[in-house]
Amino acid sequence: MAHSVNIHFLGAAGEVTGSKFLIETNEKNILIDCGMFQGIKALRELNWKNLPVDVAHIDVVLLTHGHLDHVGYLPRLIMQGFHGKIIATYPTLDIATIVLQDSAKIHEEEAEKANREGYSKHDPALPLYTGKDVSKTLQFFTGVETGKWKYLSENIMYRFKYNGHIIGSVFIEIEIFGKRFVFSGDIGRKNDLLLYPPQKPQKADYLFLESTYGDKDHPDEDVEEIISSLVNEVLHKRGNLIIPSFAIERTQNLIYLLWKMYRKNKIPNIPVIVDSPMGTNVLQVFRNYSDWHKLTPQDYNAVLKHITLVQSYKETWEIIDDNRSKIIIAGSGMVTGGRVLTYLDQYIDNEENIVLLVGFQAQGTRGRDLQEGAKEIKFFGKYREVKARIEHIQTMSAHAGQSEILDWLTEIKEKPSKVFLIHGEEKSSNILKVKLEDIFKWNVFIPKLFENELVNL
């Protein structure tokens, strides 16, 4: 008997954020990831719209990992009538809880501020979702182990495999009527400071492959040398090194790296401030799931003693008022929100300071604007002149570069029927498409947002 599968590309198709892929079958309807759009306004506005599918008929959500662009739309999904299970690894569920609670808090605070100061064109400005919406969402969470096949129905099963992007992250294999659908999620790095190398798929009839860095490899940078030079420069200038950082993985990597550098006498004992409530909570996830990473309990405790964790917004201003040179690691990594806005609002117009970007900066974000040399940046409705020096390290990205993506595919022996390139901007996806066709002779497609693909099995 012939079976058909209808695939809906509801996000991360032609862009990096908003990951959502719906697989409709006659047995189960499965949503892979449920992320929020970030970046340019046209994409962000999609977060306010209902999905163009019948959400009430989605049976289950499978999550690759806990980043906002993979889980941030979940409360909106519940609002639209979803009532099935949301399944992920245990650390991913803990990360997703932290991320969603933080996201709701930011949305509520931004709506409140916009209403108070009157800079929104909406009256009243409303949050995308609230803390109560998140609490309702968490009731649908179900944790599973990696490496074991789990049945969703008679002819559909799935399993999670470690892929080293952030703690808890996986790629997902789904067997549907004997055909294997593989969703790469975000593929991690082979030589990550804290995480183990990604496992590799060995079979894929239909492959959904991230292409964030499909156009290039990360440069071979000496990160310790770069950071050491920047630290010594801000000490000499009596300035500050501000690092907008993703709260998950990047913050932990940074504080571990700075601790190692201090231990090796590569940097002096300059205060290291971590002002990211979410990043602090993620540190606890590292403590709770020690089998997911390389950090020993002894090193974990030593790292914590080396840093100052900021707990309250009042402390943020105490840090700003402290005239000593310091390293400030604060969310968010693309400078789209969070505590780093407060620091940059105060520091970015001072040439004694350096801003160090340490990851991918999506189109339409302040981080991308800074990376591309913007002369002024808007914070809280007002423009600030950019006088601080902007530096960018790409080596610390948690995403595989082009060569690492190609290496991740080397254990797939039989040619997939189709490969779909997702989670990438147009240029990176197109370049990776050419590479895959040239090296593997695979049939590669780049879906557009809200396209459907009907697959006959």
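Modeller: Let us begin with a term that we shall need throughout: helices (H or I, at least four residues) and strands (E, at least two) are DSSP runs, numbered from the N terminus. Please also keep in mind that this is a predicted model.

Biologist: Which helices each supply at least two residues of the lining of the second largest pocket?

Modeller: They are helix H6 (223-237) and H7. The largest share, 3 residues, comes from H7.

Biologist: What is the volume of the second largest pocket, and which residues are the closest to its centre?

Modeller: The volume of the second largest pocket is about 420 Å³. Its lining consists of 20 residues, and Arg189, Asn191, Asp192, Thr395 and Met396 are the closest to the centre. By class, the lining comprises 9 charged, 6 polar and 5 nonpolar residues.

Biologist: Which residues lie nearest the centre of the largest cavity?

Modeller: Ser19, Phe21, Asp33, Gly185 and Ile422 do, out of 13 lining residues. The lining of the largest cavity divides into 6 polar, 4 nonpolar and 3 charged residues.

Biologist: Which residues line the second largest cavity?

Modeller: That lining is formed by Leu194, Gln252, Ile255, Tyr256, Leu283, Phe286, Leu295, Tyr300 and Val303. The elements that give two or more residues to this lining are helix H7 (250-263), helix H8 (277-288) and helix H9 (297-306). Here too H7 makes the largest share, with 3 residues. The lining of the second largest cavity has 8 nonpolar residues, 1 polar residue and no charged residues.

Biologist: How is a nonpolar core to be read, and which residues touch the most other members of the largest one?

Modeller: Such a core is a set of buried nonpolar-type residues joined through side-chain atoms within 4.5 Å. The largest nonpolar core has 103 residues, and those touching the most other members are Leu62, Leu74, Leu77, Ile174 and Phe181. Leaving aside residues up to four places away in sequence, Ile174 touches Ile23, Ile30, Ile32, Leu62, Ile156, Met157, Tyr158, Lys179, Arg180, Phe181 and Phe183. A second, separate core has 21 residues, including Ala330, Val340, Phe379 and Ala388.

Biologist: Consider next a single residue. Is Ala398 buried or exposed?

Modeller: Buried means under 20% relative accessible area. Ala398 has 5%, and therefore counts as buried. The position of Ala398 is in the loop between strand S19 (389-392) and helix H13 (402-408). Beyond residues up to four places away in sequence, Ala398 touches His165, Ile187, Gly188, Arg189 and Arg250.

Biologist: Where do Arg238 and Phe380 lie?

Modeller: Arg238 is in the loop between H6 and strand S12 (241-244), and Arg238 is exposed, with 68% relative accessibility. Phe380 is in the loop between strand S17 (376-379) and strand S18 (382-385), and Phe380 is partly exposed, at 28% relative accessibility.

Biologist: What is the omega of the peptide bond from Gly331 to Ser332?

Modeller: The omega is near 15 degrees, and the bond is cis. Ser332 belongs to the loop between strand S15 (327-330) and helix H11 (340-347).

Biologist: Finally, which residues does UniProt list for "domain: Beta-Casp"?

Modeller: The unreviewed UniProt entry lists residues 251-370. In the model, that span is 48% helix and 12% strand, with its end C-alpha atoms 20 Å apart.

Methods. Residues numbered from 1 in each chain as written. Predicted model: local features only at pLDDT ≥ 70, side-chain atom pairs only at ≥ 80, totals over all residues. Heavy atoms only, no water. Buried < 20%, exposed > 50% of the residue type's maximum accessible area, 1.4 Å probe, protein only. Contact = heavy atoms within 4.5 Å. 1 Å grid on protein atoms, 1.4 Å probe; cavity = no way out; pocket = protein on both sides within 12 Å on 5 of 7 lines; lining within 4 Å. Nonpolar A, V, L, I, M, F, W, Y, C, P; charged D, E, K, R; others polar. Points joined across faces, edges and corners; volume = space filled by probe spheres on them. UniProt positions renumbered as here; feature names shortened; annotations may be inferred.
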